[in-house]
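This report describes one protein chain for a reader who is new to structures. Please look at the sequence and the model before reading on.

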Amino acid sequence: MSNEDLISVDYEMFGRVQGVFFRKYTQAEGRKLGLVGWVQNTGAGTVQGQLQGPRNQVKEMQEWLKSTGSPKSRITKAEFKNEKTVDSLEHSSFKIVK
């Protein structure tokens with residue numbers, strides 16, 4: 001682990017993000033970047049979750065969420081909130097929450 005700040009940020013994705021393997025791709029991308037957190041569908045048809053890890057990787061993941069997503073998804077809006085620096089990671093892996 002570098003001396004880089006660890007940050008935590010909540011996200012919510014809008015558009016066509018359910019039924020298009022968005023959670024699976026998000027989990028895979030998060031793990032690839034070495035992040036921890038979670039992702040889940042909401043009753044409102046959005047996908048939400050939390051990312052935690054080194055600032056640069058979290059920023060990279062935010063960019064991926066905004067512009068890439070899963071192959072069949074169509075992202076109309078990405079909201080990121082509650083960004084804060086954390087002393088240690090609160091999750092042990094990147095999980096899909098049902």
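## Two annotated positions and their surroundings

Asn41 is partly exposed, with a relative accessible area of 27%. The model is a predicted one. Asn41 lies in strand 2. Apart from neighbours within four places in sequence, Asn41 is in contact with Val17, Gln18, Arg23, Thr46 and Val47.

An unreviewed UniProt entry places the feature "active site" at Arg23 and Asn41. These positions are spread over 19 residues of sequence, yet they cluster in space, with a largest C-alpha distance of 7.8 Å. Arg23 belongs to helix 1, which covers residues 22-32. Its relative accessibility is 22%, so Arg23 counts as partly exposed. Leaving out residues up to four places away in sequence, Arg23 touches Val39, Gln40, Asn41, Val47, Ile96, Val97 and Lys98.

The unreviewed UniProt entry also places the feature "domain: Acylphosphatase-like" at residues 8-98. That span is 26% helix and 43% strand, and its end C-alpha atoms lie 21 Å apart.

### The loop residue Thr46

Thr46 is one of the residues in contact with Asn41. Where does Thr46 lie? Thr46 is found in the loop between strand 2 (36-41) and strand 3 (47-54). Is Thr46 buried or exposed? Its relative accessible area is 4%, so Thr46 counts as buried, since buried means under 20%.

| Side chain | Partner side chain | Distance |
|---|---|---|
| Thr46 | Glu12 | 2.7 Å |
| Thr46 | Thr42 | 2.6 Å |

Thr46 and Glu12 are 34 residues apart in sequence, while their C-alpha atoms are 6.7 Å apart in space. When neighbours within four places in sequence are left aside, the residues in contact with Thr46 are Glu12, Met13, Phe14, Val17, Gln18, Gln40 and Asn41.

How many of the residues of strand 3 are buried? The count is 7 of its 8 residues, and strand 3 is mostly covered.

Strand 3 pairs with strand 1 (residues 6-16) in the antiparallel sense over 8 bridges. In this pairing Ser8 stands opposite Gln52 of strand 3. Strand 3 also pairs with strand 2 in the antiparallel sense, over 6 bridges. Here Val39 stands opposite Gly49 of strand 3.

Strand 2 and strand 3 form a hairpin with 5 residues between them. Gly45 is in the turn of this hairpin and has a positive phi of about 85 degrees. As a general point, side chains in a regular strand alternate between the two faces of the sheet.

### Putting the parts together

Asn41 is in contact with both Arg23 and Thr46. Thr46 in turn makes a polar contact with the side chain of Glu12.

Terms used:
Residues are numbered from 1 along each chain as its sequence is written. This is a predicted model: local features need pLDDT of at least 70, side-chain atom pairs count only at pLDDT 80 or more; totals for chains, interfaces and linings use all residues. Side-chain values use heavy atoms; hydrogens and water are left out. UniProt positions are given in the numbering used here, feature names are shortened, and annotations may be inferred rather than shown by experiment. Helices (H or I, at least four residues) and strands (E, at least two) are DSSP runs, numbered from the N terminus. Buried means under 20% relative accessible area, exposed over 50%, partly exposed in between (1.4 Å probe, protein chains only). A polar contact is a pair of N or O atoms within 3.5 Å; within protein, one must be able to donate a hydrogen and the other to accept it, and residues adjacent in sequence count only if both atoms are side-chain atoms. Contact means heavy atoms within 4.5 Å. Two strands pair if DSSP finds at least two bridges between them.
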